[in-house]
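Please open the model in your viewer and keep the selection panel at hand. The tour below moves from one selection to the next and states what is to be found at each stop.

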Amino acid sequence: MNELCRALGSVFPKDRVSWDESVLAGYGADSSIPPGSSVYPSAVVLPKTTEEISHLLQIADRFRIPVSPMARGSNIAGMAVPVQGGIVADLRLMNRIIEINEDAAYAVIEPGVTFHDLSNALKKAGFFCHLPTAAGGSSPLANYLMRPSGNFAARWDPDPVLALEVVTPGAGIIKTGSATFETAGWRARYHCFPDLTGLFANAYGTLGIVTRGAVKIFDRGEEERLVLTTFESFPPALEYMKRIVRRNLAESVTFWTWGWNLFHEMMRSKSEKFPQEMLKPDQRTPPRGIAFGIASARLSGYKKVVEAQQEVCIQIARELGGEAMEDAEAREKHPGCYEYLKAYFVDGVHPKPGEESQIRAGLHLPGCLITAEPAKLMEIEKYMWDLAEREFKPPYFYRALPHSHAREFFFAFVVYVTGSLIEERAYLQHLRGIYGRLYRDLLRYYGGVMFRYRKDPTFFGMTGTYGDLLRRIKKLADPNNIMNPGMLLF
Amino acid sequence: MEGTLHINENLYTAMHKCTRCGQCAYGDENAEFDILCPMQIKGKFFTFSAGGLMQLARALYEGKVGFSESVRDILYLCTTCGACEVNCGVIEGQVDLFTLLKKELVKSGVPLMDAHKMVVKNTVDKKAPYSGRLPDRTEWLKREKAFAHPQVFYYVGCISSYREPEIPGAFVSILDKLEIPFAVSEEEWCCGAPLFFSGYEEKGKELGQHNVKAIEESGASTVVLTCPTCAMFFKKYYPQWLKRALPFEVLHVTEFLERLQEQGKLKLDARSDPKTATYHDPCHLGRGQDIYEAPRRILRSIKGIQFSELSRVRKNSFCCGAGGLVPTGFPSLSDELAHQRVSEMEATGADLLVSSCPACKENLKIAAKGIKKGAEVLDITELVDRALTDMKA
């Protein structure tokens with residue numbers, strides 16, 4: 001250990017490396033790690049440059065010690081904790097916005113840049129970045145590398161990453177996309193060769209550490225507008241979303257069920273108590289006077305075009321039995337919900353209270369996040385309600401939005417646990433068990449694939465020759481398996 | 001799962017909810033998402049933030065780490081500015097949790113830093129946190145100490161009594177000009193904040209009980225304080241400590257002056273030397289008591305004062321570094337924070353920095369001397385006294 005300590009000390013000054021257990025205690029858990037299950041790293045370092053990371057990985061490889069990268073650390077699913085200990089590379093000081101290229105509409109950023117930093121810089125330049133429901137203090141680059149949902153998900157492809165710079169233990173520093181060539185800039189994900197940028201998406205730090213990346217940015221339109229429509233069940237809402245996206249009418253469209261809408265009223269009033277309606281046993285039926293769900297479509301562009309698009313969206317909704325909800329009505333009936341949607345989809349800023357504030361109201365389990373073909377999604381919706389009635393205590397609700405150009409949809413079913421950790425220990429354990437089985441059943445019976453990897457190696461075991469090739473690539477990039485082995489991907 | 005931290009399960013559940021989003025350390029869009037957390041400015045690692053301390057507390061509770069001098073040195077970097085409390089979307093009461101950790105630290109036998117040991121010893125023995133031979137607490141007054149039937153009781157506080165006597169001097173001058181009978185007491189003791197913030201809440205309670213008794217005996221129905229930390233203790237902690245509502249009204253001086261203005265009793269004349277002034281929100285007045293507008297309304301009402309805001313204000317106010325025993329434990333951090341704050345004056349064009357807290361004034365004044373030549377730092381009480389029309393004239 002002394003030798004490792006000396007080696008790290010040769011790269012990082014004293015104030016950027018720590019072996020102190022009190023400091024390490026900040027790195028062992030997020031809200032998803034059950035009581036008593038945290039594992040702490042042996043050291044944490046704060047790199048500032050790609051070269052420092054390169055040295056770090058060389059040292060770690062020599063000592064065969066795991067390295068877990070952490071961009072900003074914000075997570076509710078254990079994706080940024082070092083489950084097998086080792087060294088945490090906390091990337092928060094790599095927080096430079098290196099370039100905002102207004103001409104080619106991309107920004108080159110480091111992993112420690114936050115959504116707040118990026119949105120703020122882009123606002124001055126007349127641009128938006130893709131906003132997921134992650135917290136404003138989280139890292140766009142890390143989030144984008146996990147294929148986020150968000151406010152540009154429908155029209156512009158859900159993956160906003162272009163070129164990357166990555167440090168691997170086996171292959172050194174790699175640049176992908178157009179950045180592969182010194183003179184070509186960062187504008188393209190791939191050219192005449194295979195797409196290596198994609199290799200690092202959803203790799204969760206198991207192949208290397210991403211040290212910078214180019215991400216798409218989007219013009220602020222002459223008009224930004226939200227079209228709200230209500231539906232009384234899921235099938236017409238899903239059909240509405242499909243038509244909107246296939247006909248290229250909106251930047252994004254999302255369907256939020258009534259529980260979510262009431263939840264935002266509760267958040268707005270700063271209450272921590274769920275309204276009685278949200279705790280009623282029959283969650284499939286909304287309370288009287290409230291629609292089953294609201295679809296929000298984000299429109300952006302020239303005013304005349306936006307107005308025409310709005311008219312068409314409403315026409316489609318009506319054809320399907322839905323109703324338009326005017327802004328004034330939404331503001332009056334669902335002020336919390338309206339404020340949230342407006343901030344997020346129209347103003348392009350992280351709303352306050354944000355999604356993270358949902359956790360304030362209860363212990364929040366990572367939702368069941370599934371993608372599937374639209375027809376299968378309707379079956380999944382029924383399956384989830386049935387399962388919920390059997391196994392979950394209210395409140396719970398879901399939201400759905402298109403992913404990959406409406407050929408598959410993202411479906412998030414969220415369950416809250418309202419008691420304390422101790423009181424609800426048994427229920428929490430029960431839920432974790434259900435989630436484990438759930439993903440396997442959804443894949444087997446409905447072709448539903450987990451949207452984000454949930455550290456279940458059996459899934460990777462089902463990937464056949466695809467997995468074989470990835471394992472070989474892993475061997476080249478990280479021959480001694482030091483990169484984030486706690487993710488249980490390889 | 002048996003740790004060294006003993007807390008109730010609701011608190012443990014609350015700390016378990018931290019998503020490590022880091023928002024606690026930053027201001028909102030009005031402050032361009034700047035870092036506000038003094039710990040994060042000093043420490044850089046995630047642990048040096050409210051979210052990091054939540055994880056540390058969780059590790060202590062779960063017995064994964066024990067209380068140590070290292071835990072102490074992280075905890076005492078907190079200036080108790082409360083920026084985390086307004087910026088976290090999930091958890092509330094962070095500062096109280098950190099204070100609870102300090103209490104547990106004391107119980108576990110980890111010694112305080114030498115500088116803080118001295119603060120505790122002095123506060124217990126001399127009823128003020130300062131060392132050396134202290135002058136009489138009311139020496140600054142230099143006149144008869146009390147009226148027979150005081151309308152207000154002026155609780156002066158330790159910093160004003162011993163280190164910033166211009167502030168109580170100005171306040172008493174205002175009271176005299178407005179012919180408001182008041183009382184001050186030689187029997188005033190420290191409000192208890194230094195003991196509370198160093199984990200000795202029980203000893204702090206004794207001071208609180210004494211102060212309340214002294215004020216009750218004066219017969220005054222209103223207590224006015226020029227120190228927002230003392231005012232916060234009177235309003236928030238004293239009723240908890242005494243387990244009853246206080247039998248008198250408690251007002252910070254900005255609330256008191258604004259009320260006098262509303263009643264038409266306080267009129268502020270043109271200053272002879274017009275100045276551009278800016279205002280620093282003291283943490284324990286703004287985030288601590290939600291008082292943001294009263295001082296601004298007072299400043300704007302002073303003719304001759306051109307008011308210009310700093311970039312980080314109200315809930316986004318940046319701590320001057322004077323809170324939470326940081327000046328005694330980590331003076332270089334305290335200086336750094338004050339320098340950062342004074343540097344913000346440049347963009348405002350102001351040559352006068354006003355605050356409404358003696359600790360802020362003291363820290364900012366020293367920083368201004370070093371980096372902003374010619375800048376004046378005043379407490380709002382001093383400025384009002386200068387601008388006050390003599391009602392007798």
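The stops that follow begin with numbering and domains and then turn to individual elements.

**Before starting**

This is a predicted model, in which local features need pLDDT of at least 70 and side-chain atom pairs count only at pLDDT 80 or more, while totals for chains, interfaces and linings use all residues. Residues are numbered from 1 along each chain as its sequence is written, and chains are lettered from A and ligands numbered from 1 in the order in which they are written.

**Stop 1: the domains of chain A**

Colour chain A by its domain assignment: domain 1 (2-92), domain 2 (97-219) and domain 3 (223-450). Such bounds come from an automatic or database domain assignment. Between the C-alpha centres of domain 1 of chain A and domain 3 of chain A the distance is 36 Å.

**Stop 2: two helices of chain A**

Select helix α8 (residues 258-268) and helix α12 (residues 335-347) of chain A; their axes come within 7 Å and cross at roughly 95 degrees. Helix α8(A) is therefore roughly perpendicular to α12(A), a term that covers angles of 65 to 115 degrees, whereas under 35 counts as roughly parallel, over 145 as roughly antiparallel and the rest as oblique. The axes are lines fitted to C-alpha atoms, for helices over the stretch in contact, and angles run from 0 to 180 degrees between N-to-C directions. Helices (H or I, at least four residues) and strands (E, at least two) are DSSP runs, numbered from the N terminus.

Now display the residues where the helices meet. Helix α8(A) contributes Asn261(A), His264(A), Glu265(A), Met267(A) and Arg268(A), and α12(A) contributes Pro335(A), Gly336(A), Cys337(A), Glu339(A) and Tyr340(A). Contact requires C-beta atoms, placed from the backbone, within 7 Å of each other. By class, the residues of this contact comprise four nonpolar, three polar and three charged. Here Ala, Val, Leu, Ile, Met, Phe, Trp, Tyr, Cys and Pro count as nonpolar, Asp, Glu, Lys and Arg as charged, and the others, Gly among them, as polar.

**Stop 3: the domains of chain B**

In chain B the assignment gives domain 1 (9-107), domain 2 (139-262) and domain 3 (275-387). The C-alpha centres of domain 2 and domain 3 of chain B are 22 Å apart. Contact between these two involves 28 residues of domain 2 of chain B and 25 residues of domain 3 of chain B. On the domain 2 side, α8 (158-162), α9, α12 (228-242) and α13 of chain B each supply at least two residues. That side has 13 nonpolar, nine polar and six charged residues.

**Stop 4: strand β1 of chain B**

Select strand β1 (residues 152-155) of chain B. Val152(B) and Tyr154(B) lie on one side, Phe153(B) and Tyr155(B) on the other, and all are buried; a residue is buried if 20 or more other C-beta atoms lie within 10 Å of its own, exposed if 12 or fewer, and partly exposed in between, with C-beta atoms placed from the backbone. In a regular strand the side chains alternate between the two faces of the sheet.

Strand β1(B) pairs in the parallel sense with strand β2 (residues 182-183) of chain B over two bridges, and pairing requires at least two DSSP bridges. Opposite Val152(B) stands Phe182(B) in β2(B). Strand β1(B) is also joined to β3(B), in parallel, by four bridges; there Tyr154(B) has Val224(B) as its bridge partner.

**Stop 5: Gly192(B)**

Move to the loop between β2 and α10 (193-196) of chain B, where Gly192(B) lies. Is Gly192(B) buried or exposed? Gly192(B) counts as buried because 27 C-beta neighbours lie inside 10 Å. Leaving aside neighbours within four places in sequence, its contacts are Gly204(B), Lys205(B), Leu207(B), Gly208(B) and Phe233(B).

**Stop 6: helix α13 of chain B**

Select helix α13 (residues 253-262) of chain B, in which Val253(B), Thr254(B), Phe256(B), Leu257(B) and Glu258(B) are buried. Their cover includes α9 (166-177), β3 (222-225), β4 (249-252), α15 (293-301) and α19 (380-387) of chain B. Just after α13(B), Gly264(B) adopts a positive phi of about 75 degrees.

**Stop 7: a sheet of chain B**

Finally, show the open sheet of four strands in the order β6-β5-β7-β8 (chain B), with parallel pairing. Its edge strands, β6 (305-307) and β8 (376-379) of chain B, each pair on one side only. From one strand to the next the twist averages 35 degrees. Helix α19(B) lies across β7 (352-355) and β8 of chain B and runs at about 90 degrees to β8(B).
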